[in-house]
Amino acid sequence: MGGTGVSGLGKHFFTLTAMALAGCFAVCGAAEPAPVNALPNGGFELTEPGASGRLIPRTWTIRTSGDSYVEVVPRQPDGHCLRLVRKGTPPRLHYDGFPIKDTTPWTLTFETRGTGKLRAQVSANEASKWTTLLDKGVNAVAEWETHRFTIVPSPTATAFRLQFSADGELFLDNVLFGHPRLPGLNLPPSSKLTADADTLLLLDFETDLDPFQYFIKGDVERTEDGRFGAALRQGADAYVATSAEDFLDSHAGTIELWVKLLVPGGERVSRPFVSVPGMRGLSLVRDQYGHISFSIQRHWGVGVRVWADGYARTWEPNVWRHVAACWDNELVQLWVDGRLLHSAPTRNVPDSFGPELRLGAPGMVIDDLRISRTVRYRFPVPSSQ
Ligand SMILES: [Ca+2]
């Protein structure tokens, strides 16, 4: 998707195209357009080490008790799937926070294999109350099977929650939840980013930072062990900064980067990924409470802040994660690993940011940092947000 002005056009174009296609398909009797997946990790390829030592999927929330467990395992011939094992209380897996913009029907599809039953539930938030719209059990068998359901939100619904729980021992893969009119965001990016006319800064760290353009202090070094090629590692007392005026446009923008924290998520130290200190400032940070947040400051007060409480508190070190924040004059949104963590209406944005743009902080490796003057990622949210 494009940015502000471009984004508006892009969105309309997308909608009109989708409507035209829907009309054509209705007339022609062909298959309806394919739904766009609102889940960034429906195939369970984004993983991290869990507290139990088992590999767990990122972006999903796992709830287990007793000896029940959930783990990511290889799936032949390639890729991964999720294994759910019930020993006592059924293991549960859920994903919260799909904003609902309109009454377009959503499609849920997923694959199962194994023995036992998988229960799929979809709830909708309506007037701050959760209503169950889907509650189905499917029996897993020895071969992979695909299951498909349609969920129609009411006009007052604002968000969906998707939940799975398992009875037995079974495998789950390729979960899709979405509809054809959602934007395809490609988050987290599947390859190295490129620059275009709206790119203000793109750092892939394949070459040394120019000491005339960047202030560099402390333990800062390039490492070949990046997310894509080389990356920038910051140790004790590291400080890397440049000019905010050159690389930020306060009217609209996207800040995105891959970050590998070298420290546990639960430590009591703030780690800004990208920040502009001061009264015309901003901060994309994992703070000392384990929250992930993006905030814009004006006149020392917080103008707008989007965040997820304690989202990083259980993060193990040394995992590459993708973080992105977008803003324009309407909306601010924050993503981690392609999961939309929070949206808020824009307010109190300063006329310009500056003067200093700090890149990273001690205790992290950063890669593929891109700052743009447009909104590159936008998930449609209810008008009330
Ligand atoms: Ca790189």
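Where does P355 lie? P355 is found in the loop between β24 (339–345) and β25 (356–359), with helices (H or I, at least four residues) and strands (E, at least two) taken as DSSP runs and numbered from the N terminus. A cis peptide bond with omega of about 5° joins G354 to P355.

The structure is a predicted model, in which local features need pLDDT of at least 70 and side-chain atom pairs count only at pLDDT 80 or more, while totals for chains, interfaces and linings use all residues. Residues are numbered from 1 along each chain as its sequence is written. The mean pLDDT (the predictor's confidence in each residue, from 0 to 100) is 91 for the protein, and 91% of the residues reach 70 or more. Over residues 1–28, however, the pLDDT is below 50, and this stretch has 37 contacts in the model beyond near neighbours in sequence; two residues are in contact if their C-beta atoms, placed from the backbone, lie within 7 Å. Where pLDDT is low, the predicted coordinates should not be read in detail.

Turning to the overall fold, the protein has 2 helices and 26 strands. Its radius of gyration is 22 Å, close to the 21 Å that the globule rule gives for 385 residues, so the protein is as compact as a globular protein of that length; the radius is taken over C-alpha atoms, and the rule is 2.2 Å times the number of residues to the power 0.38. Along the principal axes, the C-alpha atoms fill a box of roughly 65 × 50 × 40 Å. Among contacts between residues at least 6 apart in sequence, 68% join residues at least 24 apart.

Strand β11 (residues 157–179) has several antiparallel partners, where pairing requires that DSSP finds at least two bridges between two strands. Strand β8 (residues 106–126) is joined to β11 by 19 bridges, with S123 opposite R161. Strand β7 (residues 92–99) contributes 7 bridges to β11, and here L93 faces F164. Strand β6 (residues 80–85) pairs with β11 over 4 bridges, placing R83 opposite F171. Finally, β1 (residues 36–37) pairs with β11 over 2 bridges, and V36 stands opposite H179.

An open, antiparallel sheet of 7 strands has the order β13-β16-β25-β18-β19-β20-β21. Its edge strands, each pairing on one side only, are β13 (215–217) and β21 (301–308). Within this sheet, β18 (residues 271–276) and β19 (residues 282–286) are joined by 5 bridges, and R271 stands opposite R286.

Overall, 38% of the 385 residues count as buried; a residue is buried if 20 or more other C-beta atoms, placed from the backbone, lie within 10 Å of its own, exposed if 12 or fewer, and partly exposed in between.

Some backbone details complete the picture. Another cis peptide bond, with omega of about 0°, joins Q76 and P77, and P77 is found in the loop between β5 (69–74) and β6. T59, although not a glycine, has a positive phi of about 70°; T59 is buried, with 21 other C-beta atoms within 10 Å. A127 also has a positive phi, near 50°, but A127 is exposed, with 9 other C-beta atoms within 10 Å.
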